[in-house]
Amino acid sequence: MIWLTVFSLVCLRIATGNELVTCTSVIKLQNVQRGVRLHSHEVKYGSGSGQQSVTGVTNSDDVNSYWVIKNGSNKPECKRGEEIKCGDVIRLQHFSTRRNLHSHTFTAPITGSHQEVSAFGENGVGDDGDNWQVVCSSDLWYKTSAVRLRHVVTSKYLTVPGSTYGRPIAGQYEITAHGTISDASLWRPTEAVMFMPSSEDSAGHDEL
């Protein structure tokens, strides 16, 4: 987290209003219906893919709930501070472990009718199962806007069905992908550190 503190002095903005969500920004995503934040950690699923688990947590100050916004795996790297448009395909890279939010056709650990969601890859390098489309109602993704994340390969939405785990992650919520559109599949950025456009692209732009 040291680098966040250093960079915040020169090219970051702590998001407090209706800022645009931008590429390379570091965010936490809170589920609208359940109020939990998207989370991951070095705990693997004991079934299914055996990949790193993704859960939802209620506490707001856990560093393992930070995700970095990147372009989809089949697109060139986006510029720092580039606006995220509704309909864009992105990856969310877990800040601490550098694995990507991922889904596939493995069955979810608790809710058998849903797909498993995991964190996958090494140092941000994964596969097409890491691609998520931002689904929202305006042209651009704003920090105050709730969006859905549609898994590109399977067309399922990132969802919190409501089930919770026992040990070793007792009380954490199951995160899945499912085809149903509801408030359980709506997500809003909460704590966020937004990268502003790089200097060559931001002439005349005021930074905090």
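I take strands (E, at least two residues) and helices (H or I, at least four) as DSSP runs, numbered from the N terminus. The model is a predicted one, where local features need pLDDT of at least 70, side-chain atom pairs count only at pLDDT 80 or more, and totals for chains, interfaces and linings use all residues. Residue numbers run from 1 along each chain as its sequence is written, and side-chain values use heavy atoms, with hydrogens and water left out.

**His102**

Buried or exposed? I note His102 as buried, because its relative accessibility is 4%. The classes are buried under 20% relative accessible area, exposed over 50% and partly exposed in between, with a 1.4 Å probe and protein chains only.

I then listed the side-chain polar contacts of His102: one of 2.6 Å to Asp130 and one of 3.2 Å to His104. A polar contact is a pair of N or O atoms within 3.5 Å; within protein, one must be able to donate a hydrogen and the other to accept it, and residues adjacent in sequence count only if both atoms are side-chain atoms.

Setting aside neighbours within four places in sequence, I find His102 in contact (heavy atoms within 4.5 Å) with residues including Gln51, Glu116, Phe120, Asp127 and Trp132. Asp130 is also in that list.

**Ser137**

Ser137 sits in the loop between strand S9 (132–135) and strand S10 (148–151). I class Ser137 as exposed because its relative accessibility is 83%. I also checked Ser137 against Gly87: the two are 50 residues apart along the chain, and their C-alpha atoms are separated by 9.5 Å.

**Whole protein**

I count one helix and 14 strands. Of the 208 residues, 50% are buried. Among contacts with a separation of 6 or more, 67% are between residues 24 or more positions apart.

**Confidence**

For pLDDT, the predictor's confidence in each residue from 0 to 100, I noted a mean of 88, with 86% of residues at 70 or more. Where does pLDDT stay under 50, with 20 contacts beyond four places in sequence in the model? I find this over residues 1–12. Over residues 200–208 pLDDT also stays under 50, and the model has 13 contacts beyond four places in sequence there.
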